[in-house]
Amino acid sequence: MAVVSTRDRSSAAQETGIVEASDLRAFTAAVLAAHGMPAADATLTADAMVWADLRGRYAHGASSKLPQCVARIRAGGTSPSGNLPVLGETGATFVLDGRNAWGQVAASRAMMRAVAKARSAGFAVGVVRDCSSAAAMGYYPLLAVAEGMIGMAFTNGPPLIPPTGGTTKLLGNQAHAIGCPADRHYPIVYDAATTAMSTSEMDLVHDRGELLPPGVLFTADGRPTRDPSIWVDGLLAPAGGHRGYGLSLMLEILTGVLAGGARFAPDVGHPFLGGEPQGVALFVAAIDPEHSIGHEELTRRADALIERLHASEAAPGTERIYVPGERSFILAEQRERDGIPMPTERLEDLRRVGSGVDLTLVASC
Amino acid sequence: MNPTVRVSAEQVRSMALPLLRAIGMPPEDAAITADAMVWNELRGAPGHGLGRIFQILERSRAGGLNLAVDWTPLRETSGTALLDACDGWGVVAGTRAMGIAVGKARDAGVGAVVVRNSDVTSAMGYYPYVAVMAGMVGLAITNSVPLMPPWGGTEVLLGNQAFAIGAPTRDHPPLIFDSSSSAYNMGKMRSAAAHGEKLPPGVALDDTGEETDDAAAALEALRLLPMGGHRGGGLAIMWEVLTGILAGRRSTTEVVGMQELDRTAGVSLYVQAVDPKAFLSYEEFLARVDRLIDQIHSNPPRSGVDRVRVPGESKAGFESEYRARGVPVPADLLERLRALCGDFGLAWPW
């Protein structure tokens, strides 16, 4: 298998340019549109990519995902079309045929559809079969949160972890995210993989030229390793051992198995194999609190929970307790205002994919 | 070594049901509770079995548990319900909530039910099992008395937030994943303390807030660490959102433990049923689940591992053995049950 991982970025102390979030969104959307993605879908995708850049998660941001998306569209593994036929639906469920659509389009459309159904049913679940990777999952619950609802989004992924006691990769690291609206505070957004460390976190470690902590990655023949560059070929340790394995398996049931697509579990493809459909599956759900305790009561109670967590005693050496997603919101707000610092190499990746489309730098440093 | 007596599933039920009725549970609630006890005994989880009869008796007498509950939902839509358990037994609350979710899912494809003011919920795996028996994928989440600090903290604020997911199968036993959000559950912690075993890293803090490998000190302090560090820590908070926050009554430190007999527990639950038929044909769904299980079973095991298992498989192994040979029940527990029958003027059922 020809594996093209991220290029070697291990040279520390990288040069950085700063790009405005709004410029990066416009640039990303224009490049996607130039490759045949309908304007509305290109805008959705650009927003989801830049959402990750704002949070410092470059592996899910425009400099990683835009070149990947364009390469996949060119090679034929991903369709630029956002036309996702509804294969079946009830008042509270639906199945979308992904038709190899880009995952960020598929997941955004699915969540918005779940939100619309939850408005009357109170709770709605949608699945998408046969799409491409949907990158950072935390973005999608926030589409529900923006409508006053609790949102959940789960995905399967290419095989990375063996079942506990086993030696061969079988399950993906099954990114899963849940979000809840608050009133005075940022929404609570939990966004996690089922592995001890996510692949994008390993890429960041690699970018910084550092080594992995022990226990998160093993070589294909089962020896422990701290080299973040080999995760594609290695075995990832599930978070919490058998608990993370069990959760990975049950998330595969709710995504790959339930969505009924062409692939699931070990047959899901890696995104960097551009000519090959990935066959990713998604599960999204929305809960409208208006049918139970009401939106105001939910956000009041969420605020109280956040404040209770903030007020709780931090361990020595820990500054304070943060709520899931909170650090990312703080960083995103600052970067939305001051621009997104982007390593020069990543800016070059963007320029290369954007041939003809202009990306303005605010400053370089 | 406490001697045990092998008792059939029918005998377990025949002991539990009349005693629960005599304690004051309405017939339907008593039947639900007895069935769950049988299920847990059969799956090698006696801590959620017959012994709970005494807990129900003590908690209801002391005032912490209400046996007369109206289980009509407070609010409903086609896909949701909000249920007030009115301090009723958690097993009845969880089972009834899943029954309602399954009913919703039959029409709407999915159903989610939130329960407030429940007593402790016992083994979570039973509730997805209720959905599985109806041919659906079930999910159940509970909060509990605080046992874990938030990740990075030392103050115990969150329960160990047990959750379970189950899926029906065709040729294999049902798939039931039952977990806490802490690295170790209480049973494993007690077992380590009893055997004088050291804890692995990342399991518990001592009463000064430092991580400890001393199981006895950990049990004393009761500050569990989440599974997978910050991962479980985040999950525990989201489970509180779906239970204590969404149910609209007590949450975090307002939840009370089962040892406080005279205080209502104030536990919340979130249960969800998904009907696979809303998404693909049922036969296709079962074939895919079975194929996934087969793929796990054929995964080459590591050295020192005899075979690779799916979650809950060892419990399913107990079940097939215990159905054939009977459940081992400690002789002293049978004596206490016999005495309790005497107290209520009930004949010993077998």
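How far apart are the mean positions of the positive and negative charges of chain B? Some notes on that and a few other points follow.

1. In chain B, the mean positions of the 32 positive and 39 negative charges lie 3 Å apart. Lys and Arg count as positive and Asp and Glu as negative, with His and the chain ends not counted; each charge is placed at NZ of Lys, CZ of Arg, CG of Asp or CD of Glu.

2. A word on the basis: this is a predicted model, where local features need pLDDT of at least 70, side-chain atom pairs count only at pLDDT 80 or more, and totals for chains, interfaces and linings use all residues. Residues are numbered from 1 along each chain as its sequence is written, chains are lettered from A and ligands numbered from 1 in the order in which they are written, and side-chain values use heavy atoms, without hydrogens and water.

3. Chain B holds 11 helices and 12 strands (DSSP runs numbered from the N terminus: helices are H or I of at least four residues, strands E of at least two). Its C-alpha atoms fill a box of roughly 55 × 55 × 45 Å along the principal axes.

4. Of the 350 residues in chain B, 61% are buried (under 20% relative accessible area, 1.4 Å probe, protein chains only).

5. Now to chain A: A:Ser292 sits in the loop between strand E10 (280-287) and helix H8 (295-311). A:Ser292 is buried, at a relative accessible area of 17%. Neighbours within four places in sequence aside, A:Ser292 is in contact with B:Arg75, B:Leu82 and B:Leu246 (heavy atoms within 4.5 Å).

Terms used. Buried means under 20% relative accessible area, exposed over 50%, partly exposed in between (1.4 Å probe, protein chains only).
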